[in-house]
Amino acid sequence: MSRADQHGRTARLAAAGVAALALTAGLATPLNPAPQRAAAADGKKTLTVAVAQSVDSLSPFLATRLVSTSINRLMYEYLTDYDPGDAHPVPGLATRWSPSADKLTWTYTIRSDATWSDGRKVTAEDAAWTFTKMMTDEKAATANGSFVANFREVTAPSPTRLVIRLKKPQATMTALDVPIVPKHVWEKVGDFSKFNNDKSFPVVGDGPFVLTAYKPDSYVRLKANQRFWRGAPKFDELVFRYYKDQDAAVAALRKGEVSFVAGSPSLTPAQAASLKGAKHIRVNDAPGRRFYALAVNPGARAKDGQKFGDGDPSLLDVRVRHALFLAVDRKTIIDKVFQGHAVEGQGYIPPRFSTYFWKPSPDQKLAYDPAKAARLLDEAGYRKNAEGRRVGKDGKPLTYRVLCHATDPNDKAVGQYLKEWWGKLGIGVNLDCLDNVTDPWLAGRYDLAFDGWSVNPDPDFVLSIHTCAALPDTPKDTAATDNFICDKAYDRLYARQLAEYDPAKRADIVQRMESRLYDLGYMNVMAYPNAVEAYRTDQIASIETMPKDAGNIYGQDGYWSWWSAVPADSDPSSGGPGSAGVIAGIAGGVVVLTAVGAFLALRRRATADDRE
Amino acid sequence: MTTGVTPPADARGADARGADVQGADARGADAQGADARGADARGADARGADAQNAAAQDASAQDAAAHAGPRRPAWQRRRRAAARFWRQYRTHRAGLAGLAALVLCALLALTAPLAVGSDVAGVTDAPGQPLAPPSGRFWLGTDRYGRDLLGLVVWGSRVSLLVGLLAAVLSVAIGAAVGITAGHFRGAYATVMMRVTDWFLVMPTLVLAVALTAVLPRSLGTVILAIGVTTWPTTARLVRAQTLAVEARPYIERARALGGGHAHVMTRHVLPNVMPLVLAQTTLMVSSSILTEATLAFLGLGDPTVVSWGGLLQDAREAGAVSAGDWWYLVPPGLAIAGVALAFTLCGRAVETVLNPRLGVAR
Amino acid sequence: MTADAAPPPVEEVAGRTTGAAVRGPRARTAAAYLRYGAAKLAGAAVSLFAVLVTGFFLFRLIPGDPVKTMTGGRPVSAEQLAQYRREFGLDLPLWEQFADYCRKALTGDLGTSYQFRAPVIDKITEALPNTLLLTGTAFVLYTVLGIVLGTRAAWRHGRLGDRIHTGLALTLYSVPSFWLGLLLIVVLAVGVGPVPGLFPTGGMESGGEEGLAHVLDVAHHLVLPVVTLVAVEYGQTLLVTRSALLDEMGSDYLTTARAKGLRDDLVRRRHAVPNALLPTVTLVFINLGRTVAGVILVETVFSWPGLGGLFYQALSVPDLPLVQGLFLLFASAVIIMNTLADLVYPLLDPRVGR
């Protein structure tokens, strides 16, 4: 073969390669966005949500991650829901409920207009079976076992009547966040610890959406349940797409590949700022339901009285704890780290839950005051040595290990500030950032730790994790306790609020608990981060936030957002970026082809010169 | 030599065994891949063994000359060798460019405390607004805390270079120690050591390093250790081959006969002869260590309170610089990593070519 | 791969000057090859076992009690914890766990993932095709590109074209792959200024397409990760090919071939390249194994649902069975490819067995 031939072949090959690239770029661009666009060719309206978590399980008995429980919530209806306005209990599967006089028996009336997606009726028997299964089969209690721990017996005397008998009074009986599953499907399941509910589609459910497809770490697909008792959702399809990288998800939103991005747990200030100026995108910056706190190790211990872990003994002095918090400039954290997308921390429960929100009185408040902090430390006997370092009782300079989540950029950022603020006080900081903080945390091997919880409309859970009852039985056990706080005064208040069925009186007790927690100085709430999320207005015309004004969309206590979302009528951008993409793709292809051609021509000349 | 091959009777015969071994090992070096940057030059091919053979022979001849001739002070001999090395190195333009870049970087890193000061890394009194684009005051803009990015990139060079150098030194030191001892003591010890080496060679480096950083507490030391203990096998194989070649020479036999112990032979005869190889290997290894450090920092496995180039990129990604299009946050640290890695590779290739003239690849 | 046991073929490879002496009878070469192959296979088996052992013990050093991690934040009774430990076999003594693990691994049972509560083998078979698609495509492209460009560079050694190719290869080889990926996302996926984003920002598919549309969709998602991998990986192949060919070009037989009046191009393709390809072939095999393991970064940057991401997730729990399974897979991929290279190498050498 002559060299000319050979070059011709190479050129053809190269051209073919480039053409293939250009084609996938150009051709696939219009094809690609089509299915995700609100208005697709076949008229199907699809809402695509970018998520960062991978699904742990789709079985409501196993799922614990937010993404999975959110999807379960769309698939299965609960007994009661929370009002999107002020989160008071509203009918779900149950239309009415009432406790007995002795507070130990609750009777629910189950609606008769709810059907499973396979056409069978939803009955009280399904609910009774679900609860009983969790009470009797340990493997089914993995995710929601705590809800039934206090249940004595659950029965269904008629298809519309559910009776739950309790061991002792429980104020959270209208906050049973347990997906009710169809008995006729689930009673065939053998081992609940291994059944992930992701093999046969569509999955029978009674929620606003029906699960139709799932590909791990790629997507979860749901279609609208036309028989949903509250009315069918307006979108025909709901897709959760997985993006490992939050920034990639934001980029996908910019391009219209997805309709909604929540971020995990929130968009960064830079992302929010850059999206605010973008066309067809709305940034929803809502007061969050989380608190962001600095937890102190109060000396880890078990119920049997054994102490373990190695928290610094100086932290047992309340003056030291207060001094540390006095030296934390919460305003700077809000301004610099959250860049305004958070509210300065006060009490334990975020202001969004106005019933339970509490803030310290002016003389109780530990406002930013480094001078006072230094004074308190001096008083407590931790004085500076010659090098300006504060010295502990053992004669060694004080250095605290601060446990941080390597996956949370805010932890690292705030940690940097703590290091410098406390450094000025004369206290060293060792920022210990781990992917998985659980181990040192549960073993009490830390001094301080970044902490944060999402608060439910009913605050029982976040309050319970600071009671002595939540401590592990022995150092070897795991328990619900957050950071080993055990305070008698707090516990008495906790017991009182749990048995209090009068909402106003209960709120008052809860606020007194928060006050106690604040004074103890073991949980120092620095901020309430906002829920910063964004969606495309050319795909979603309107969507319900919770609470209705200034609320969030992803991770609501309910299915309101996706159920209520209204597709944008006409898609003003359809054809826009698509055809622009084609043109750009073809133009790019032509440019590359020309360049390759020119390159090859030049090469041939050059090779010709090379000939001896 | 085992079977099948008639040992050539010419002068090369003495080194033939070493060369064979090296041939096999050079392939092993390629096998390493991930960290064998410049594997092309080193072991370019199994058959590059001849080339190495030739080089070894040169060295052997020089040594022989040195031993036979009137005893000159060792330092004088070394100085001449260094001068000769430099004369040859000078002819490699790419190598010179790499060296110039490295000197510049080193100066920058060393003068950083004076030029930018450690305050540049402080967050509480960061001078600017977060994520500001480049301006007259901040030439490369600011990062997520409002710190000056130019200053941070300069400051970060200290950690990146330090980790790169220390990890490379650790890796090459382990490799050289294993290689020399495995080459010197044959038998069971060598077999076990080479089995261990092979085993480390097939471990996916990044996977192992990630696992190690997960096991140990997060600090610069951990990163250095993780890189050092996962990347040494290439060096071990090369050094062992060279050791075998050196030990096959007659004068080693003589040294032994004169009562030189193991330590004497290894430190006085083998070590000086493998030093050039070790030097070249270190230079190449720094480049890959810097990349690995950046990779680990980017995966969030570094020390978050220390400013490094990889850490800056990780910060940038976490802050959302990619989707926001804040290129000034993203481009400089990456360019710095690539630039320094490239400079070390160029130097390493030049060094290798000088020491191994027949390959002539770096020209 | 201990060199002491280096059998004839490898020596032949190395001892080029002795070329005349090695053309022994065919049968003898075959027998030698068999012996050589057996040694290699035995070595590989030992390595595999070592990997099995390391996989088990190394990850047990990771701080973190998987049971506590999984149940953290939820009230769990001591009995329930014990039940979990029983379920995962964590209540047994370590050596029994190890024996159990080895026994099961040999039968292909890698245990059950703690966090996904699914057999590890299922999680791997879910993700493996995705990783293979990505690395396979990139592998073919960068190997072909590296060999073609490396040959050209060597043939025009020292000229501008060579300098450009070598320089570019070295530069791209020094670029951190994750950084290149991020830049590609910024420029080609998000779009800069008037340039619209042409490619998806991440993931492998949009989901929901069928048939040709689905294939095109996946191809579209594949472009950027593949380009990233090819860019950072082709340099090595190029450099190895180039230096091997340079080495070859100095040899006598090429001069003879040219002196006989054979055309330059023909000499290159018929004589020089096939010989020079040998080291490249070795590299190719080894790269294939290594790329599978090294894909963690690119998969992370592009949200590709493959093994890399799975490994990273598993490591943070730690999801021991999944980590072990993946580690085993990564390391055995490298071992198997290395062994294949060892076995194939002598067969491909034109100087052997003629």
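**Notebook: a helix pair in chain B, then chain A**

I looked up helix α5 (residues 93-115) of chain B against helix α15 (residues 327-355) of chain B, and found that their axes come within 8 Å and cross at roughly 135 degrees. The model is a predicted one.

I checked how to class that angle. Over 145 degrees would count as roughly antiparallel and 65 to 115 as roughly perpendicular, so α5(B) and α15(B) are oblique to each other. I also noted the hand of the crossing of α5(B) and α15(B), which is left-handed.

Next I listed the residues that make the contact. From α5(B) they are B:A94, B:G95, B:A97, B:G98, B:L99, B:A101, B:L102 and B:C105. From α15(B) they are B:G339, B:V340, B:A343, B:F344, B:L346, B:C347, B:R349 and B:A350. I sorted the contact of α5(B) with α15(B) by class and got 12 nonpolar, three polar and one charged residues.

I then turned to chain A. I read its secondary structure as 17 helices and 21 strands. Chain A has 612 residues, of which 52% count as buried. I looked at contacts in chain A between residues at least 6 apart in sequence, and 69% of them join residues at least 24 apart.

Last, I took the record for chain A. An unreviewed UniProt entry annotates residues 89-464 of chain A as "domain: Solute-binding protein family". Over residues 89-464 of chain A I noted 25% helix and 23% strand. The end C-alpha atoms of that stretch of chain A are 21 Å apart.

Key. Residues are numbered from 1 along each chain as its sequence is written. Chains are lettered from A and ligands numbered from 1 in the order in which they are written. This is a predicted model: local features need pLDDT of at least 70, side-chain atom pairs count only at pLDDT 80 or more; totals for chains, interfaces and linings use all residues. Axes are lines fitted to C-alpha atoms, for helices over the stretch in contact, and angles run from 0 to 180 degrees between N-to-C directions. Helices (H or I, at least four residues) and strands (E, at least two) are DSSP runs, numbered from the N terminus. Angles under 35 degrees count as roughly parallel, over 145 as roughly antiparallel, 65 to 115 as roughly perpendicular and the rest as oblique. A crossing is left-handed if the near helix is turned anticlockwise from the far one by less than a right angle, and right-handed if clockwise. Two residues are in contact if their C-beta atoms, placed from the backbone, lie within 7 Å. Ala, Val, Leu, Ile, Met, Phe, Trp, Tyr, Cys and Pro count as nonpolar, Asp, Glu, Lys and Arg as charged, and the others, Gly among them, as polar. A residue is buried if 20 or more other C-beta atoms lie within 10 Å of its own, exposed if 12 or fewer, and partly exposed in between; C-beta atoms are placed from the backbone. UniProt positions are given in the numbering used here, feature names are shortened, and annotations may be inferred rather than shown by experiment.
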